[in-house]
Amino acid sequence: MTVRLPDFKGGLRAYEPRSEPLALTPGAPLTSRTVFSAAHVVADPYADVSPDSAAAVDWDATLAFRRHLWSHGLGVAEAMDTAQRGMGLDWAGAAELIRRSAAEAKAVGGLIACGVGTDQLTGPASLDEVRAAYEEQLALVEESGAQAILMASRALAAAAKGPEDYLQVYGHLLRQSAEPVILHWLGPMFDPALEGYWGSSDLDAATDTFLEVIAAHPDKVDGIKVSLLEAQREIDIRRRLPQGVRCYTGDDFNYPELIAGDEKGFSHALLGIFDPLGPLAAEAVRVLDTGNVGGFRELLDPTVELSRHLFQAPTRFYKTGVVFLAWLAGHQSHFTMVGGLQSARSLPHFARAYELADGLGLFPDPKLAEERMKNLLALYGVAQ
């Protein structure tokens with residue numbers, strides 16, 4: 001049996017789905033790398049909402065997906081960009097997500113870190129207000145028992161006059177934090193409002209400020225996540241980190257080589273692409289744990305084409321492909337997103353994502369994925 005899929009030229013092509021998935025079952029704990037998957041949220045499809053409404057979340061399905069990730073040995077990076085922070089999920093929803101997920105992590109013994117931002121600020125804010133908003137969210141995450149990830153702030157990007165303002169705000173927060181945090185630098189390709197973060201649009205100058213923050217408080221920084229989609233910049237930053245500060249790759253284009261590393265070091269991982277790749281990524285890291293770098297690359301390198309497809313420009317809409325694949329994989333019963341973002345990518349984009357993911361064997365039940373893909377195609381008027 002074949003599936004007729006739309007291409008990017010307005011035509012149709014025949015695709016023959018694979019019949020068997022990859023055999024990926026939970027295994028031994030990961031030892032050589034710390035690996036987080038930034039996880040998506042599952043919307044409640046029965047809620048009477050609009051794109052302007054507060055998010056309606058299916059909490060049972062959302063937490064079930066996190067148990068899936070933990071069962072394979074991955075950590076969960078919660079309430080971050082992948083969970084649609086600032087793109088459908090507001091602070092009230094994110095706070096509830098953090099409370100529920102942290103409690104679930106404690107119940108099952110799962111690793112969790114949660115995003116700390118300033119998204120309760122909905123208009124122009126002063127630096128004092130930015131700092132207070134960060135403090136409120138940091139307190140909630142620490143009270144939940146999760147590790148804090150200090151995310152980039154749209155409000156800070158708008159309020160800061162230069163690098164000194166970033167040094168002042170981050171220095172204050174790091175002194176306040178009870179435990180070492182992860183610092184997250186999210187690039188403007190993920191969120192255009194973050195252009196010029198760290199006080200400069202010159203990435204070399206911005207990098208110097210970022211590293212100055214870390215150098216002043218190395219005991220309060222567990223690690224950094226850099227999401228700039230530039231492998232060499234991440235390597236250069238990694239080599240300049242103080243001893244003991246980890247680098248978690250946030251590069252969804254170049255993660256295999258960055259995690260594998262070189263003679264001078266390697267990156268851990270905190271990635272949105274490890275939401276759909278979770279079991280395969282965990283298996284690859286287990287191979288890496290044995291010292292078999294070639295086997296690790298053999299498993300993970302073929303996934304890069306799918307990741308580059310999902311994260312193609314405009315990159316901020318990658319979540320749509322992530323949730324689409326979760327639906328095809330049977331992790332949720334519907335393809336609905338908070339904020340109505342299920343419409344943010346085209347049918348040819350979905351078709352290619354299905355083809356690439358199926359080719360990798362990511363769907364536990366290929367027939368279910370095929371059936372759901374055909375249902376979506378029928379909805380768009382593509383006859384089989």
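Contact here means heavy atoms within 4.5 Å. With that settled, I looked at the chain: residues 24 or more positions apart account for 70% of its contacts with a separation of 6 or more.

A note on what I'm looking at: this is a predicted model, where local features need pLDDT of at least 70, side-chain atom pairs count only at pLDDT 80 or more, and totals for chains, interfaces and linings use all residues. Residues are numbered from 1 along each chain as its sequence is written, and side-chain values use heavy atoms, leaving out hydrogens and water.

**Whole chain.** I found 14 helices and ten strands (DSSP runs numbered from the N terminus: helices are H or I, at least four residues, and strands are E, at least two). Next I checked burial, where buried means under 20% relative accessible area with a 1.4 Å probe, protein chains only. Buried residues make up 58% of the 384 in the chain. I also looked up the box that the C-alpha atoms fill, and it is roughly 60 × 50 × 45 Å along the principal axes.

**Helix 5.** The 14 residues should span 20 Å, and the end C-alpha atoms are 20 Å apart, so the rule agrees.

Which residues of helix 5 are buried? I got D165, Y166, V169, Y170, G171, H172, L173 and L174. Then I asked what covers the buried residues of helix 5. The cover includes helix 3 (127–144), helix 4 (154–159) and helix 6 (203–216). Strand 6 (147–150), strand 7 (181–186) and strand 8 (221–227) are also among the cover.

Definitions and conventions. Buried < 20%, exposed > 50% of the residue type's maximum accessible area, 1.4 Å probe, protein only. Expected span 1.5 Å × (residues − 1).
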